[in-house]
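Work through the two exercises below with the model open. Each task is followed by its solution.

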Amino acid sequence: MSMTDTAEPSAVLDYRLTAEDRCDSCGAQAYIAADVNGSELLFCAHHGRKYEEKLRAIATSWHDETARLVEAR
């Protein structure tokens, strides 16, 4: 195991979005999920940030995994 594999095991458990989850706006990989009016909306990092202010005002939950983009480097 590398140091990365052992250093952050709990962080991986918090991730629930996969490569199969796609942005509702453009189809890119989703890193943000928002529950709005009983429906889950998925967004890539770009569109999540673009709509975040408006969505947070009406969303019942906001799940953000954009930190994974920095970890991938």
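**Exercise 1: the sheet**

Ile-32 stands opposite Phe-43 in S2. The model is predicted: local features need pLDDT of at least 70, side-chain atom pairs count only at pLDDT 80 or more, and totals for chains, interfaces and linings use all residues. Residues are numbered from 1 along each chain as its sequence is written, and side-chain values use heavy atoms, leaving out hydrogens and water.

Task: work out the order of the strands in the open sheet.

Step 1. Strands are DSSP runs of E, at least two residues, and helices are runs of H or I, at least four, numbered from the N terminus. Two strands pair if DSSP finds at least two bridges between them.

Step 2. S1 (residues 32-36) and S2 (residues 39-43) run antiparallel, joined by 5 bridges. Their hairpin has 2 residues between the strands, and Asn-37 takes a positive phi near 50° there.

Step 3. S1 and S3 are also antiparallel, with 4 bridges. Here Asp-35 stands opposite Ser-61.

Step 4. The order is S2-S1-S3. S2 and S3 (61-64) are the edges; each has a single partner strand, so one side of each lacks a neighbour in the sheet.

**Exercise 2: Thr-66**

Task: is Thr-66 buried or exposed, and which residues does Thr-66 touch?

Step 1. Thr-66 sits in the loop between S3 and helix H4 (67-71).

Step 2. Its relative accessible area is 15%. Buried means under 20%, exposed over 50%, partly exposed in between (1.4 Å probe, protein chains only). Thr-66 is therefore buried.

Step 3. Leaving aside residues up to four places away in sequence, Thr-66 touches Tyr-31, Ile-32, Ala-45 and Arg-49 (contact: heavy atoms within 4.5 Å).
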